Amino acid sequence: MSIEKVTLQRLQEMKRAGEKSVCVVAWDYQMARIADRAGVDIISVGDTVGANLWGHDNPLEVTLEEMIVVAKAVRRGVTRALVSVDFPYGPLQEGTGAAVRAAIRLVKKTGVDLVKLDGAADYPEAVEAIVRAGIPVFAQFGITPQTALRYGVAYTGAATGAIPEEMQAEMVVDAKRLVRAGASLLNFTNSGPVVGPAVVAAVDVPVLGGFGGGPWLDGRIRMATAAIGYHEKWLDSEPDTYANVARTAYDALTEYASDVRAARQIRGGVPVPPST
């Protein structure tokens, strides 16, 4: 693993060389440190923290102030990877001025390397203004429930590649529009194996993706918690992940509780001399 600091220029070089970029979504200092040591290229501070870590029912509940707190923690844990932070819902939708002010606030308060804008294809003028302010943009676009319905495609089928030809053309146009606006990276959501390669070939910036993505993209995005199996639901079934941290944590905490109830010394605690 290289310890050299990752740069946007390096990611561009990787795309030209056919090397894949690795992006991990993390929300805390310790996970950020682990991911950074593992050699990932980008650590994305996702607004998914609300639903996946804090238990929010509505993913739009996350605020700018909360994203600042989370991004500060992640930034402190990273020395080599690029750090990106998501805009929460609101600033981008409120207009270009609000978007620029939010981007400046995020960068000044957290020291992140770039900001990620969800639904960026609808706001190219905001992308351009943020870039003009000197802040690199990670632009997210793709097949959303709204665009799927517009073309009569079930959203759940978006990742299968069963996408009308006219939708493919729109995705390519969106990608080119975002690159013209100055986006440094693209996050193509639900790309699929048909549209994905077309977009990758159409632009000269790296195109990454999470759900619905695949090896046809320049890189992949995965939540660290999903990669390691850190979710209560995986206590009841074996996850298709790289580990089952939920089960490991459950077993450890169960054993800890047993030691406490049996008046045994707990592991890792301050040694206590036996009573006489």
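A crossing of two helices is called right-handed if the near helix is turned clockwise from the far one by less than a right angle, and left-handed if anticlockwise. By that rule, α4 goes past α5 in a right-handed crossing. Helices (H or I, at least four residues) and strands (E, at least two) are DSSP runs, numbered from the N terminus. What follows describes a predicted model, in which local features need pLDDT of at least 70 and side-chain atom pairs count only at pLDDT 80 or more, while totals for chains, interfaces and linings use all residues. Residues are numbered from 1 along each chain as its sequence is written, and side-chain values use heavy atoms, with hydrogens and water left out.

Helix α4 spans residues 64–76 and helix α5 residues 96–110; their axes come within 9 Å and cross at roughly 35°. Axes here are lines fitted to C-alpha atoms, for helices over the stretch in contact, and angles run from 0 to 180 degrees between N-to-C directions. On the α4 side, Leu64, Glu65, Ile68, Ala71, Lys72 and Arg75 meet Ala102, Arg105, Leu106, Lys109 and Thr110 of α5, contact meaning heavy atoms within 4.5 Å. Sorted by class, this contact has 5 nonpolar, 1 polar and 5 charged residues. For these classes, Ala, Val, Leu, Ile, Met, Phe, Trp, Tyr, Cys and Pro count as nonpolar, Asp, Glu, Lys and Arg as charged, and the others, Gly among them, as polar.

Now for α8 and α9. Helix α8 (residues 165–181) and helix α9 (residues 192–202) have axes that come within 9 Å and cross at roughly 30°, and α8 passes α9 in a right-handed crossing. Gln168, Met171, Val172, Ala175 and Lys176 of α8 sit against Val194, Val195, Ala198, Val199 and Ala202 of α9. The class count for this pair is 8 nonpolar, 1 polar and 1 charged.

Leaving out residues up to four places away in sequence, valine 115 touches several others, including Phe87, Leu106, Ile130 and Phe138.

Aspartate 36, in helix α2 (residues 29–38), counts as buried because its relative accessibility is 5%; the cut-offs are under 20% relative accessible area for buried, over 50% for exposed and partly exposed in between (1.4 Å probe, protein chains only). A polar atom of the aspartate 36 side chain lies 2.7 Å from the backbone nitrogen of threonine 79. Glutamine 140, in strand β5 (residues 137–142), is buried at 13%. Its side chain makes a polar contact of 3.2 Å with the side chain of lysine 116; a polar contact is a pair of N or O atoms within 3.5 Å, where within protein one must be able to donate a hydrogen and the other to accept it, and residues adjacent in sequence count only if both atoms are side-chain atoms. Beyond its neighbours within four places in sequence, glutamine 140 is in contact with residues including Lys116, Asp118, Asn187 and Thr189.

Finally, the backbone. Asparagine 190 has a phi near 55°, a positive value in a residue other than glycine. Asparagine 190 belongs to the loop between β6 (185–189) and α9 and is buried, at 0% relative accessible area. Alanine 263 also has a positive phi, of about 60°. This alanine lies in the segment after α11 (245–261) and is exposed, with 71% relative accessible area.
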